[in-house]
Amino acid sequence: MISLDNILKEQYSVIKVYKKTEEKSILLLRHNELKKDIICKKIKGNSESYKFLRGISFPNLPAVFEVTENEEEITVLEEFISGISIAEVLADGLYDEWGVKHIVKAVCDALTVIHSYGIVHRDIKPENIMITDDGTVKLIDFDAARLFKNGQSKDTKIIGTAGYAAPEQLGLAQSDERTDIFAVGVLMNVMLTGEHPSKKLYKGKLTKIIEKCIQLDPQKRYANAEELKKSL
């Protein structure tokens, strides 16, 4: 049986190395004949979320073409997204309220889809939201994602980005869709002020929405992404 690694070596060339560590490698590959680009990830962790994503086709999510795993790592082949990240935009300036609403509504649409499959992203931040060349908003990087499991009291692995991670991600409870709502609240504040809300809370029409998103108690946040989108 021909392995995926052998197929990639025979049919693709490495165009760029985005990241290469013991825990993760991210490569940009180009098909030698078709000249089509794809992203190849090799990560350590759980493949459940990526396997669900492989069956999902949605404009605000990256297409996942293949997921394979062995005892050492998971290999994921996914869509190469040509565009710019929110983090890159913020390097040159801040967003206004209209821009934040436009992007966050699309992020909410993506979250509504993945949450319906029980997937919690757990790493929403400016680097993980792309604006494609045609203006489509895409939520990317599901390496930290996990499936919500009924009856489980807390996450089995503490993971997330400092500042964006909700309190429950620190081992206090199990992450669920409200965990992503917390991160979206922080994201909105950063897009508007360049600062974490604990340092500088945005003052404007979106203040109350941000404050509700970032409540320490998940019960006090928006219950889901659809509810948050309606408030915008």
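A residue is called buried here when its relative accessible area is under 20%, exposed when over 50%, and partly exposed in between, using a 1.4 Å probe and protein chains only. This is a predicted model, in which local features need pLDDT of at least 70 and side-chain atom pairs count only at pLDDT 80 or more, while totals for chains, interfaces and linings use all residues. Residues are numbered from 1 along each chain as its sequence is written, and side-chain values use heavy atoms, with hydrogens and water left out.

Select Asp 141. The residue is buried, at 16% relative accessible area. Asp 141 sits in the loop between β9 (137-139) and β10 (146-147); strands are DSSP runs of E with at least two residues, helices are runs of H or I with at least four, and both are numbered from the N terminus. Phi of Asp 141 is near 60°, a positive value in a residue other than glycine.

Next, select Lys 24, in strand β2 (residues 24-31). Lys 24 is also buried, with a relative accessible area of 17%. Apart from neighbours within four places in sequence, Lys 24 is in contact (heavy atoms within 4.5 Å) with Lys 19, Lys 42, Ile 43, Asp 141 and Asp 143. The side chains of Lys 24 and Asp 143 make a polar contact at 2.8 Å. Such a contact is a pair of N or O atoms within 3.5 Å; within protein, one must be able to donate a hydrogen and the other to accept it, and residues adjacent in sequence count only if both atoms are side-chain atoms.

Move to Lys 35, in the loop between β2 and β3 (37-43). Its phi is near 60°, a positive value in a residue other than glycine. Lys 35 is exposed, at 55% relative accessibility.

Now turn to salt bridges, each a side-chain nitrogen of Lys or Arg within 4 Å of a carboxyl oxygen of Asp or Glu. The whole structure has 12 of them. Show Lys 51 and Glu 69, whose closest N and O atoms are 2.7 Å apart in a salt bridge. Lys 51 is in helix α2 (residues 48-53) and Glu 69 in strand β4 (residues 64-69), 18 residues apart. Lys 51 is partly exposed at 37%, as is Glu 69 at 43%.

Then show Glu 79 and Lys 138, a salt bridge at 3.7 Å, N to O. Glu 79 lies in strand β5 (residues 74-79) and Lys 138 in strand β9, so the pair ties together parts 59 residues apart in sequence. Lys 138 is buried at 8%, whereas Glu 79 is partly exposed at 22%.
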